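Keep the viewer open as you read.

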Amino acid sequence: MSPITLDLFADTEPEQPPKRLQIGEQSCVLRGFALPWLDPLLIALEAILAAAPFRQMVTPGGFTMSVALSSCGTWGWTTDRSGYQYTRDDPQTGNPWPEMPEVFFELAQAAAREAGFAAFVPDSCLINRYVPGAKMSLHQDKDENSYAAPIVSVSLGLPATFLFGGFERGDKSQRVPLFHGDIVVWGGVDRLRYHGVLPIKDGHHPRLGEQRINFTFRTAR
Ligand code: MD3
Ligand code: FE
């Protein structure tokens with residue numbers, strides 16, 4: 001058989017179904033779900049970061065976060081000494097947060113649908129940048145107006161160990177490894193679970209370099 005014939009057959013292979021791992025009653029990992037969207041995602045990300053660069057923010061307790069943040073969409077999540085809040089404007093530039101690119105919105109909606117949440121309409125995308133050593137301590141996401149909508153999280157670059165806890169800080173957490181291209185959808189009864197990210201290990205990712213980038217899509221208002 002000639003290589004050309006083989007290629008023709010390869011093209012007619014059915015697409016693999018997305019790999020889905022249930023980690024909670026209403027939470028699941030969609031392995032590699034973002035990979036087909038990667039190029040347009042990274043192009044759109046560059047434009048966002050040109051207007052709203054990554055910066056480290058200070059918590060109400062006075063600690064500088066190891067994770068650097070940016071946002072896009074109508075609402076951006078911020079923290080400073082006075083508290084956590086969603087704002088329309090980037091406090092660093094005074095400009096509105098960059099619009100959510102269509103490809104971001106479409107990907108988040110497709111992932112939510114795949115996980116069983118119809119008609120997810122995110123109005124906020126927090127963009128977290130982890131360099132090796134950066135981490136996110138156990139916390140709950142409680143700054144949104146309603147907990148009815150799910151949260152969609154896209155992992156890119158270096159791998160991470162995600163901590164998926166219970167409803168009290170002291171509850172035992174499950175460790176979930178997350179890789180480049182994975183999407184996690186959290187909703188319903190799991191929406192208020194404690195969660196965090198262990199310190200990122202040293203490494204080099206062929207596409208993203210020495211960093212992990214996470215997009216967290218939410219309906220804030
Ligand atoms: C699980 N970010 O920004 S993904 C955050 O990987 C945050 O950057 C992590 O936690 C990261 O707040 C984790 C998102 C996530 C968001 C909300 C959740 C996971 C969740 C709510 C309940 C359970
Ligand atoms: Fe969180």
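Tyrosine 130 sits in strand β7, where strands (E, at least two residues) and helices (H or I, at least four) are DSSP runs numbered from the N terminus. With a relative accessibility of 2%, tyrosine 130 counts as buried; the classes are buried under 20% relative accessible area, exposed over 50%, and partly exposed in between (1.4 Å probe, protein chains only). Which residues does tyrosine 130 contact, once neighbours within four places in sequence are left aside? They are Val67, Lys135, Met136, Val197, Ile200, Glu210, Gln211, Arg212 and Asn214, with contact meaning heavy atoms within 4.5 Å. From tyrosine 130 to leucine 69 the C-alpha distance is 9.1 Å, although 61 residues separate the two in sequence.

## About the model

This is a predicted model, in which local features need pLDDT of at least 70 and side-chain atom pairs count only at pLDDT 80 or more, while totals for chains, interfaces and linings use all residues. Residues are numbered from 1 along each chain as its sequence is written, chains are lettered from A and ligands numbered from 1 in the order in which they are written, and side-chain values use heavy atoms, with hydrogens and water left out.

Aspartate 141 is buried, at 7% relative accessible area.

Now turn to helix α2 (residues 38-51) and helix α3 (residues 102-114), which pack at about 130° with their axes 9 Å apart. Those axes are lines fitted to C-alpha atoms, for helices over the stretch in contact, and the angles run from 0 to 180 degrees between N-to-C directions. The pair is therefore oblique, given that angles under 35 degrees count as roughly parallel, over 145 as roughly antiparallel, 65 to 115 as roughly perpendicular and the rest as oblique.

Which residues make the contact? From α2 come Pro40, Leu41, Ala44, Leu45 and Ile48, and from α3 Val103, Phe104 and Leu107. These divide into eight nonpolar, no polar and no charged residues. In this scheme Ala, Val, Leu, Ile, Met, Phe, Trp, Tyr, Cys and Pro are nonpolar, Asp, Glu, Lys and Arg are charged, and the others, Gly among them, are polar.

The loop between α3 and β7 holds alanine 119 and glycine 116. Alanine 119 has a positive phi of about 55° despite not being a glycine, and counts as exposed at 62% relative accessibility. Glycine 116 is exposed too, at 61%.

Arginine 81, in the loop between β5 (76-80) and β6 (83-87), is exposed at 58% relative accessibility. Beyond its neighbours within four places in sequence, arginine 81 touches Val58, Thr59, Pro60, Gly61 and Gly62. Its C-alpha atom lies 5.9 Å from that of threonine 59, 22 residues away along the chain.
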